Amino acid sequence: MLDVFVALFKRPFQLKEFLTQAWFIVTVTIIPTALVAIPFGAVIALQVGGLIQQFGAQSFTGSAAVLAVVRNAGPIATALLIAGAAGSAIAADFGSRKIREELDAMMVLGIDPIQRLVVPRVLAAMLVAVFLNGLVSVVGVAGGYVFNVVLQGGTPGAYLASFTALAQMPDIYQGMVKAILFGFVAAIVASYKGMNAKGGPKGVGDAVNESVVITFILLFIINFVVSATYIQLVPPKGM
């Protein structure tokens, strides 16, 4: 992580590599992200809607669903896809380069692999994570709307009108911050495990598995810490 921070200010910046990696991450994550977001929004709408109906507050179903998707479901779904799809691809790429001794050859030629390869991937993962978080939020809210109106008999007007009852702009900022941190951590862990792979093809596979597991654990810890900090710093709407 420290090496990435230092290499971040070195020039020249690898713009082509950054754009290539950003596009690659988009191609391997955008469709699974959209597909995952639909059941996320549906489950939240069904659970939250059913619970709220028991208290006779059906008019707040849309607001509660939006709050749950934007604050937690969106960033968590983004974290799973960034770590599982993009992170594993990054770890496999670096692991294969390591066992072919490409990284050692780059260092012999005076090329810093961190600055040349890792920094563009880290920045690309952070950028794409923000957009994926937005995609999950939009698709999740839309899916929740459909399931609430179709399956639970909710009214479209009440669902849409209640968006601002509980949700506020800092909720969106929190989701964006989470997405940026998730992308950063996923790329760092995947790059580290891939660049330290040993033992041939089996070592590459082990590095990929380890990077995914470690990233999942770290992302859920980060999600808890950021959520707890946000609740302490930003009071709920109306207070």
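The following conversation concerns a predicted model of one protein chain.

User: What should I know about the numbering and the model before looking closely?
Analyst: Residues are numbered from 1 along each chain as its sequence is written. Because this is a predicted model, local features need pLDDT of at least 70, side-chain atom pairs count only at pLDDT 80 or more, totals for chains, interfaces and linings use all residues, and side-chain values use heavy atoms, with hydrogens and water left out.

User: What is the average pLDDT of the protein chain?
Analyst: The average is 82, and 90% of the residues score at least 70. Here pLDDT is the predictor's confidence in each residue, from 0 to 100.

User: Which elements have the lowest and the highest mean pLDDT?
Analyst: Helix 7 (residues 163–166) has the lowest, at 69, and helix 8 (residues 169–195) the highest, at 89. Where pLDDT is low, the predicted coordinates should not be read in detail.

User: How many helices and strands are there?
Analyst: The protein chain has nine helices and zero strands. Both are DSSP runs numbered from the N terminus: H or I of at least four residues for helices, E of at least two for strands.

User: And the overall dimensions?
Analyst: Taken along the principal axes, the C-alpha atoms fill a box of roughly 70 × 35 × 30 Å. Of the 239 residues, 45% are buried, where buried means under 20% relative accessible area, exposed over 50% and partly exposed in between, with a 1.4 Å probe and protein chains only.

User: What is V122 in contact with?
Analyst: Leaving aside neighbours within four places in sequence, V122 is in contact with V4, F184, A187 and I188; contact means heavy atoms within 4.5 Å.

User: Why does D171 count as buried?
Analyst: D171 counts as buried because its relative accessibility is 1%. This residue lies in helix 8 and touches L67, V70, R71, L166 and Y230, not counting residues up to four places away in sequence.

User: How many cavities does a search of the whole structure find?
Analyst: Three of 30 Å³ or more. On a 1 Å grid over the protein atoms alone, a cavity is a set of points where a 1.4 Å probe fits but cannot get out, a pocket is an open set with protein on both sides within 12 Å along at least five of seven lines, and lining residues have an atom within 4 Å of a point.

User: What lines the largest cavity?
Analyst: I76, A79, L80, F182, F216, L219, F220 and N223 line the largest cavity, whose volume is about 50 Å³. Helix 9 supplies the largest share, four residues.

User: And the second largest pocket?
Analyst: The second largest pocket has a volume of about 190 Å³. Helix 8 gives the most to its lining, with four residues; the lining includes V4, V118 and I188.

Technical notes. Points joined across faces, edges and corners; volume = space filled by probe spheres on them.
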